[in-house]
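User: Could you take a close look at how a pair of helices packs in this model? I'd like the geometry and the residues involved.

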Amino acid sequence: MSLASERAMPVPAAAAARPAAAPGLAAQARRQRRLAYWQAAPLALVFLAFFAVPLALTLMVSFWEYNEYEIIPSFTLQNYADVFEGCFSGGDLCTTFRTYLSTLKFCLLAWAFTLGIGFTVAYFVAFHVRSSAMQTVLFLLCTIPFWTSNVIRMIAWIPLLGRNGLVNDGLMALGLTRAPIDGLLYSDFAVVLAFVHLNTVFMIVPIFNSMMRIDRSLLEAARDAGASDWQTLWTVIVPLCKPGIAIGSIFVLTLVMGDFVTVGVMGGQQIASVGKVIQVQMSYLQFPAAAANAVVLLGAVTLVIAGLTRLIDLRREL
Amino acid sequence: MTDSRTQAGLTRRSLLAGAAGAAGSQAITGFPAILAAEPVTLRYLGTAVNQSGDIARKVKEDLGITIEYIPVVTDEVSKRVVTQPNSFDIVDSEYFSLKKLMPSGNLVGMDARRIKNADKITPVFTKGEVNGKKIGDQGTAPKKVFYLEGQNSTKFATSPTEWVTLIPTTYNADTLGIRPDLIKRPISSWKELLNPEFKGRASILNIPSIGIMDAAMVVEAMGDYTYPDKGNMTKAEIDRTMKVLIEAKRAGQFRAFWQDFNESVNLMASGETVIQSMWSPAVTKVRSQGVACTYQPLKEGYRAWATGFGLPKTLSGRKLDAAYDFINWFLSGWAGAYLNRQGYYSAVLETAKAQMEPYEWAYWMEGKPAAQDIKAPDGTVMEKAGSLRDGGSFEQRMGAVACWNSVMDENTYMIRKWNEFIAA
């Protein structure tokens, strides 16, 4: 697949570079363009129906008024004022900033750990395992946890980390600690652990894919030119893995930003997340308030993604 | 669309039903499923609490009505009633939700004359009394929202009318659950929930409208403040309550918050918490795992809740009749006894009593020591002979109710503050 796409790349570039010579050719090009629009239409319609329209509705509702049992279609900015209540008055951090800050912290921690682990695993499978059959087997092995639901994978940690759980009992039996460590469960640690456990595979897959596309002769050339293993890794492999890293990062960051189940279960519901705020408002029929929060969240995620694509031009790298 | 199709097929089907009934329903098992399932199906929306397979089986047996459960969480029940009023035929809702359900106009007042045991429904609902003694009515006490001014009215009547909002199914008095084996001393007040002695081992439920009531019970017990109505706080009172909660949270008082039944069971059974807000069957479940757990009566009283059947405005014809049949059946004793045996209370006590063994009634309702082993509806032993029910008799427990689950006028503000508390 990778070879095919590389070979396909130069063709449109060449077509674009060719000057429009004869009028007959121009007509043909126009027809082709029209055909291209038709070909894109089904996906565009799906996007319109299931993405653009709901998003527009969410945006619209976020400006509506509401009471206990109905939403009232009249324009108000109150929902946004409520979201940012107390945020610009100084003093203590407001709920929204505090929540986003906590979410951001989880994003960074989860991203750093999944990247570190994901890159290492992918590197091992791509460069240290020689036989391609073994590579496939090991790669599939990474996806096996996905055969169970992520809620179950998460809940499985609870008996392990609890006050009277396996880890605490083990530590005490070994004489390493005298009292159980409470911070193992229902804490930031537990949340990050679950995030890393759940999301590392989203890093492994795209990075592994990028690594497999690296021309092995480049590595030989680096070695011939006298580069050490670290230099090869840092100056050849990492730059060539950038698209994989960027895609994996986008996966992990968006998953963590929108998550409220993991934070809820592993944080003992004591840790705020934007998703949870939205969920509580939805369950109390405060749809406009929830919509306003969703729009703010969307903005925040878009900013993060925009920042990432600034660093790496995904379309060029692919 | 589905509705109109059912309507069109009505005459033919009801004829067939009549014929099938005459032939005896057992005789037609060889017919296609559509015929076997011919009797009306009622889509029953509610929390999983009252939705037992045993009840559905018994209804099928007694009335031939098929009950199709739609189990969701409390908040989701209200959401469905307001946003998808055609997705169910009968709803089992909490009384406190009525303040937002009735104005939506999606539920209809029920005709009390069609409910056979209507006048036997316990005065807890109709008058707010237990044995002639007034009980606490702070919050959304059922008596405040029991009657409607008219069948299609959205206003609650202050005096009895023939139009009832919800026909009660179950109710109970909630308090704190504790682990007596780990606490090792008597607990007698709500204020113990925030006692630093239990730092990192306490929990409160993360359902804002109920959690804040438990918090208010604590604040009052600490002697900080006495609310005119815990179930309907002013903004200042909400701020004051939340401040206490936030301080406790920052000091590390809470191990976790819980949102559903099983979470509360796991927290308590695993020893993560030793004191927490809890629901009665959750305490039973912890005990059935062999772990000591007490549903501790407290001197400030209980926080009560009640649920009942409501009917959507669009219900008509055979389904409407079936719904009334089902409700009448529900009040006629078997279901009441079934619920009483789980530690809930049933709406019509005398019919339930007739379906219970005298020793069961004495244990569950009169607060007497069990004369023999108390069994759950599935036959497992819940309590050994000689044990006593936590909190005692019906009169002692329901008579000591201090407040009811509620929806406040400042609900939106309260939810925002609750989110602030979670983020603190």
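Analyst: Helices are DSSP runs (H or I, at least four residues), numbered from the N terminus. Axes are lines fitted to C-alpha atoms, for helices over the stretch in contact, with angles running from 0 to 180 degrees between N-to-C directions. Bear in mind that this is a predicted model, where local features need pLDDT of at least 70, side-chain atom pairs count only at pLDDT 80 or more, and totals for chains, interfaces and linings use all residues. Residues are numbered from 1 along each chain as its sequence is written, while chains are lettered from A and ligands numbered from 1 in the order in which they are written.

Now the pair in chain B. Helix 4 (residues 53–63) and helix 13 (residues 317–331) of chain B have axes that come within 11 Å and cross at roughly 110 degrees. So helix 4 of chain B counts as roughly perpendicular to helix 13 of chain B (that label covers 65 to 115 degrees). The crossing of these two chain B helices is right-handed, meaning that the near helix is turned clockwise from the far one by less than a right angle.

Who touches whom? On the helix 4 side of chain B you'll find Val59(B), Asp62(B) and Leu63(B), and they meet Asp325(B), Phe326(B) and Trp329(B) of helix 13. Contact here is when C-beta atoms, placed from the backbone, lie within 7 Å. The residues of this contact split into four nonpolar, no polar and two charged (Ala, Val, Leu, Ile, Met, Phe, Trp, Tyr, Cys and Pro count as nonpolar, Asp, Glu, Lys and Arg as charged, and the others, Gly among them, as polar).

Definitions and conventions. Angles under 35 degrees count as roughly parallel, over 145 as roughly antiparallel, 65 to 115 as roughly perpendicular and the rest as oblique. Two residues are in contact if their C-beta atoms, placed from the backbone, lie within 7 Å.
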